[in-house]
Each structure stands twice: as structure tokens, then as C-alpha cells.
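Please walk through this protein with the model open beside you.

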Amino acid sequence: MKITFFAAKSYDRESFGQIRRDYPELELEYWETELSPKTAAYVTDSQAVCAFVSSDVGAEVLEVLADRGVKLVLMRCAGFNNVDLEAATRLGIKVMRVPGYSPEAVAEHAIALAMAVNRHLHKAYIRVRENNYSLQGLSGVNFYGKVAGIVGTGRIGAAMARICYGFGMKVIAVDAYQNKDLPFVTYVDMDTLLRQSDLISLHCPLSDDTYHMINLETINKMKDGVILINTSRGGLVSTDDLIAGIRERKFFGVGLDVYEEETANVFENHEDEIMMHSTTARLLSFPNVIVTSHQGFFTDEALGAIARTTLDNARGYLQGVSTGTELN
Ligand code: NAI
């Protein structure tokens, strides 16, 4: 079976290339272009396409793919809010993903963002490089003894809860499903989490229910001087309300790996240099905000696991065996 990869980067070629000999039944074709109705039309003899979190896997694209004979969409990511599953099912296209390839990778990035904004590492780095060894304005707070509020204690939230607990923090969380593997976590309601947390980290999926869960109302309920981290999905946070909260000096710091307008069309993509043209860029003007480019997943271990599960998914599909990662 031939699989056409969309938005393939050099690191995708490398991680898939390292294991591809274990899958002789699969032919991999890498395209740098993003998936869109236009580019989907160029798929010729592939039964499967491999897409990413940034890809447009909406109804229009799926219709074009179905027309080109595609039967399988392999998402090489965990999130799938960019996929129209109803349309895929209607068109007879199976969609599979890679759930939980390395929750620690994302959780470690979340805590890295929290540590960096807390201890002003982004400013300290530049200061010392310019031969300025002043500590003025660089003081932070101890995480030890503070309250970490985890929103969503699935795979990544659980890893983040463990890290925070290891720091000596009191860990509270919101989730409809209480994770039995986290005996040190106290589950509370959202208002309590907002009121009590010194560090709030978002780890729930984006859905109609969670869209803009961080807004003026919820921001106003937070402690003054709170640190907010979002490594989950941009749509969980209203950017305009966040900017208003930052202006009101609500936050000690904000760390974002994901942003609201994080779609292919706000980026100018040259692989080595991806520039963003959007209102999200306004966030970068605040000294207590650190933004990274959706790199939470980006570790050697995670890339290896993504490649392995994606090709196992393709093999499972070919053999008619469920891998448990089917979305429809
Ligand atoms: P998961 O499915 O294991 O856990 C999500 C948890 O959120 C579940 O326990 C669920 O019950 C809970 N939840 C759902 N709605 C909620 C709500 N309204 N309030 C509180 N909790 C709620 O998912 P996993 O693997 O932990 O991933 C979490 C998110 O992280 C993904 O949905 C994805 O958006 C994001 N992600 C980000 C990456 C990055 O590179 N920055 C990479 C991978 C995932």
C-alpha cells in the first residue's frame, strides 16, 4: 500500500526512514506541501494519506481524497480536532491516530515553559549573552509548596501532575474521570482550581465544551500572579481575553505551545523558518509571555513512537486487525 505524506518535514523522513524496512508492504511518499482541497487532488495511486495536526482534514478535503481512491487517513499525531470524522465515515474513509505516543514529552515541555517564565530564562539568556550579569527583574517564585492546577488528567495531564508532585507542589485537578493512578491528586471543581492554583496547566482536548474555557470570566477567578501554561490546543484560550488579562497584570507568566490561530494559513512555511502573521503575534510583545511553536511532542522518543504506531496502524488496516487507534 502506498501512503502519501503531507506536510512532511526532514525529521519525518528521518524517523519514518529509520523503521521503514520493517514494513516492506508499505510504500512511503513524502510531500512537503500541506493537505488542502487543491493538493489532495494531486494524490494518484495512494490508498492512504498521512496527515498532521496542522493539516486540513475537513469535509472538502476528504471528498477530494475519496474521489482519488483514498481509503485511509493516518494522523501522525494524537489530537484530531482538525478531522471531520462524520464526513470520513460517510465517505468510507477510515481515520487512525497515534494516541499517547509520549505523554512525558509534552508534559516536560509544559514544565519547561512554566520554569522558563517563572525564572525569566528567556530574558536571562539574552542578558548574559550581551555581557549583562544584572539580576534586576529576574526573581521568580519557588514551585515547592505551591499549588498546581491540572485541567485534564489523561495521559499528558497525569505526567504533568507527577512532575509537579515531584517538585513538592500540592496537585489539584479537574476531570470528569478521576485518574486512579494519581493518588496524590485532589479533584476539585473548576472554580476551586482557578481560585487556588499558582500554576494552571491545560491538558484537555479541544471540543465544543472546552472551546475558550480560559476567558475573561475564568481569568478573573484566577489568583493574581498565576502562571498559565497551554500545551494542549490554542482554542482552549480566548487570545483577546488572555491579552486583556496580561494587560491587567493578572499573570506572573504565560507559556504557550499552542495558539488560537494555529492553522496552516496563518503560517508562511519554509521549514527552517516558519513565520506567523496573525494577531497571536501580539502576545509576543509581552515580556512575561513565552511562545513556542507546537513543539511539545518534539523529542527523539516521541518521533520514533509516532513513526512506529503510524506504520503499525497502516499494517493493521491492511490486515483487517484493529490497533485500537481507529477514530471511526
Ligand atoms: P487524553 O485523552 O489522554 O486526556 C485528556 C483528558 O482531558 C481526559 O482525561 C478527559 O477526561 C479530560 N477532559 C476532557 N474534557 C475536559 C474538561 N472540560 N475539563 C477537564 N478535563 C477534561 O489526552 P492526552 O494524550 O493527555 O492529550 C491532551 C491534549 O494534549 C490533546 O487533546 C492535544 O490537544 C494535546 N497535545 C499537544 C501536543 C503538543 O505537541 N503540544 C502533543 C500531543 C497532544
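This is a predicted model: local features need pLDDT of at least 70, side-chain atom pairs count only at pLDDT 80 or more; totals for chains, interfaces and linings use all residues.

Residues are numbered from 1 along each chain as its sequence is written, and side-chain values use heavy atoms, with hydrogens and water left out.

Start with the nonpolar cores. A nonpolar core is a set of buried Ala, Val, Leu, Ile, Met, Phe, Trp, Tyr and Cys residues joined through side-chain atoms within 4.5 Å. Buried means under 20% relative accessible area, exposed over 50%, and partly exposed in between (1.4 Å probe, protein chains only). The largest nonpolar core holds 30 residues. Leu 35, Val 57, Leu 65, Val 73 and Met 75 have the most contacts inside it. At least two residues of this core come from each of β3 (48-51), α3 (59-67), β4 (72-75), α4 (85-90) and α11 (300-319). Helices (H or I, at least four residues) and strands (E, at least two) are DSSP runs, numbered from the N terminus. A second, separate core has 27 residues, including Ile 172, Cys 204, Met 213 and Ile 246. In soluble globular proteins, nonpolar side chains tend to be buried together.

Now turn to the ligand. Which side chains put a polar atom by a ligand oxygen? For Arg 233, an N or O atom of the side chain is 3.1 Å from an oxygen atom of the ligand. For His 294, the distance from a polar side-chain atom to a ligand oxygen is 3.4 Å. Gly 154 uses a polar backbone atom, 3.5 Å from a ligand oxygen. Taken alone, the ligand exposes 870 Å², and the protein buries 81% of that.

Next comes helix α7 (residues 155-166). Its buried residues are Gly 157, Ala 158, Ala 159, Met 160, Ala 161 and Cys 164. Among the elements that cover them are α5 (103-118), β6 (147-151), β7 (170-174), β8 (185-187) and β9 (199-202). Just after α7, Gly 168 takes a positive phi of about 85 degrees.

Finish at Thr 192, in helix α8 (residues 190-196). Is Thr 192 buried or exposed? Thr 192 counts as buried because its relative accessibility is 14%. Its C-alpha atom is separated by 44 Å from that of Leu 91, 101 residues apart along the chain.

Key. A polar contact is a pair of N or O atoms within 3.5 Å; within protein, one must be able to donate a hydrogen and the other to accept it, and residues adjacent in sequence count only if both atoms are side-chain atoms. Accessible areas come from the Shrake-Rupley method with a 1.4 Å probe; for residues, only the protein chains shown count as cover. The expected span of a helix is 1.5 Å times one less than its number of residues. Contact means heavy atoms within 4.5 Å.
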